[in-house]
Every structure is written in C-alpha cells, then in structure tokens.
Amino acid sequence: MKDTHKLKNLKSLEGPFPKFDPTNVPSNPNELFQEWFYTVIEKGVHEPHSMTLSTINSFGYPDARVLILKDMDEDGWYFASGSNSVKGQQLKMNPNVSLTFYWSLIGRQVRIRGTSCKVGKERSAKDFLERGEVARALALLGKQSKVLPDSKILEESILEQIERLKSKPNTVDAHWCLYKVTASEVEFWQGDRERKHIRLLYRMENNKWIKELLWP
Ligand SMILES: Cc1cc2nc3c(=O)[nH]c(=O)nc-3n(C[C@H](O)[C@H](O)[C@H](O)COP(=O)(O)O)c2cc1C
C-alpha cells in the first residue's frame, strides 16, 4: 500500500525542456538525431548512448534489452554484440528491429523502426579490439545469456581467456559483430509538462523521407 502511494506521488515530465520547432528540421531523420544527440551531450545527460533494442523471438514475441549505441552516420545506427547471442540468433531469423532512446532530463524520446544487417568483419574486429580485457574475454567465451551454474566458473573462465589474450593480444572473437540499423521510420517526441507533446514522424516512402506530425 505504502509503496503504491509513493509511486503515485512520483512526478513525470516536469521540465523545463528545450524548445523543439518541428517546422524547422532537416529533411532526413539521421541529421535531426545527430542534432538531438549533441544537445543531450551538452546538457550532461547520463549515458545518453544507452538505447533499447527490440527484436522478435522465434515465437513471434518481442524481446528487448538495453545496448550501447556504438556509432551513427547518414546510413544508420550501430550496435555491437555476439552474433551467437540470443539477440544475434533472433536477428538472423528476423532482421526487423526497433531502437528506443529516452533522455528524461530533456523530456525527449526517439523511436527508430528498421532493419538490421551485419557490418563487415573489419569494423567488427576494430570494435572488438577497442573493448576492455574482461569484455573481450567474456565475448570469447560466447556464453552470454546461457545458464551459469556457479559464479566460480565465471571467474575461472574469464581468467583462462585473459591468459589467452595476454599471449595473443590481437585475438578477435569470430562471432563479434557490429550491426547497422537502417531506418524506415523515425519518430522524435518532445515531452511537454501539460502533455501537449510534439511528435514528428519521418517515414520512408518511395525512397523519400515524408514528415508528419502526430497527435500527442
Ligand atoms: C547500459 C547497458 C549497456 C549494454 N550494452 C551492451 C552492448 O553494447 N552489447 C551487448 O551485447 N549487451 C549490452 N548490454 C547487456 C544487454 O542488455 C543484454 O543483457 C545482453 O546483451 C544479453 O541479451 P540477449 O540475451 O537478448 O542477447 C548492456 C546493458 C546495459 C544495461
């Protein structure tokens, strides 16, 4: 009872938020995303590059988890993971994905719907080699999301892989993969204290971006 009361008293979308004029925006969503992303960095949003990747599992159910945005450019948004992970296997069966960002400090959400594909081996290897030692050791184990019977096994297995990396520092995990998401729809959502949120949708139609406002 007491906790429900606390939940009810929590505030949301209090602001103050930056202004967003949806009539004065770039013709493609990648550019607007970059503008918004630089704003979140300037405003000091904590971990602004954390995003939710949603995939579809073999039973047709959505599956979502938080990942790090590794890069973005005029072609798309990039994330990295093992292609042998649960999400990697799901992406192989169904490359349709969505990415969701929410930056509460400035009341902005971005929803990206599109298709993922693997980026070449060279960029994936570069991403792998930039990871910390333990992160590389874990990736080499290839056991992400498998049942861990005992945490001692985790420590021992990591140490084993670290030894391997010490003797061969340029080892790259064969399954490590940088994925690119090419968007077909991107929605920019600017929250408003009075709930008159501004929603701007870019959708691809006949190879052109169409812009539409949506009801809040
Ligand atoms: C802030 C944050 C960042 C993360 N970044 C990554 C990442 O870049 N790559 C990754 O594979 N998992 C990352 N994870 C872990 C995933 O959320 C997830 O637990 C893991 O990838 C297993 O997902 P799967 O079983 O659906 O494949 C991150 C988690 C958090 C909370």
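This is a predicted model: local features need pLDDT of at least 70, side-chain atom pairs count only at pLDDT 80 or more; totals for chains, interfaces and linings use all residues.
Helix α5 contributes four residues to the lining of the largest pocket, the most of any element. The pocket holds about 560 Å³ of space. Its lining is made up of 28 residues, and those closest to the pocket centre are Leu138, Ala139, Lys143, Gln144 and Ser145. Helix α5 spans residues 133-141, and the other elements that give two or more residues to the lining are β2 (62-68), β4 (77-82) and α6 (151-167).

Along the principal axes, the C-alpha atoms of the chain fill a box of roughly 55 × 55 × 40 Å. The chain has 216 residues, and 39% of them count as buried. For contacts between residues at least 6 apart in sequence, 64% join residues that are at least 24 apart.

The surface and the charges can be described next. The accessible surface of the protein chain is about 13,600 Å², and carbon and sulfur atoms account for 53% of that area. The chain carries 33 positive and 28 negative side chains. The centres of these two sets lie 4 Å apart.

In which element does Glu35 lie? Glu35 is part of helix α2, which runs over residues 29-42. Its relative accessibility is 42%, so Glu35 counts as partly exposed; the class covers values between the 20% limit for buried and the 50% limit for exposed. Val25 is ten residues away from Glu35 along the chain, and the C-alpha atoms of the two are separated by 9.6 Å.

Arg193 sits in a loop, the one between β7 (176-190) and β8 (198-205). Is Arg193 buried or exposed? Arg193 counts as exposed because its relative accessible area is 54%, and the cut-off for that class is over 50%. Which residues does Arg193 touch, leaving aside those up to four places away in sequence? The contacts of Arg193 are with Leu13 and Glu14. Leu13 is 180 residues from Arg193 along the chain, yet the C-alpha atoms of the pair are separated by 5.5 Å.

Note on methods: Residues are numbered from 1 along each chain as its sequence is written. Side-chain values use heavy atoms; hydrogens and water are left out. Buried means under 20% relative accessible area, exposed over 50%, partly exposed in between (1.4 Å probe, protein chains only). Contact means heavy atoms within 4.5 Å. Accessible areas come from the Shrake-Rupley method with a 1.4 Å probe; for residues, only the protein chains shown count as cover. Lys and Arg count as positive and Asp and Glu as negative; His and the chain ends are not counted. The place of a charge is taken as NZ of Lys, CZ of Arg, CG of Asp or CD of Glu. On a 1 Å grid over the protein atoms alone, a cavity is a set of points where a 1.4 Å probe fits but cannot get out, and a pocket is an open set with protein on both sides within 12 Å along at least five of seven lines; lining residues have an atom within 4 Å of a point. Grid points are joined across faces, edges and corners, and a volume is the space filled by probe spheres set on the points.
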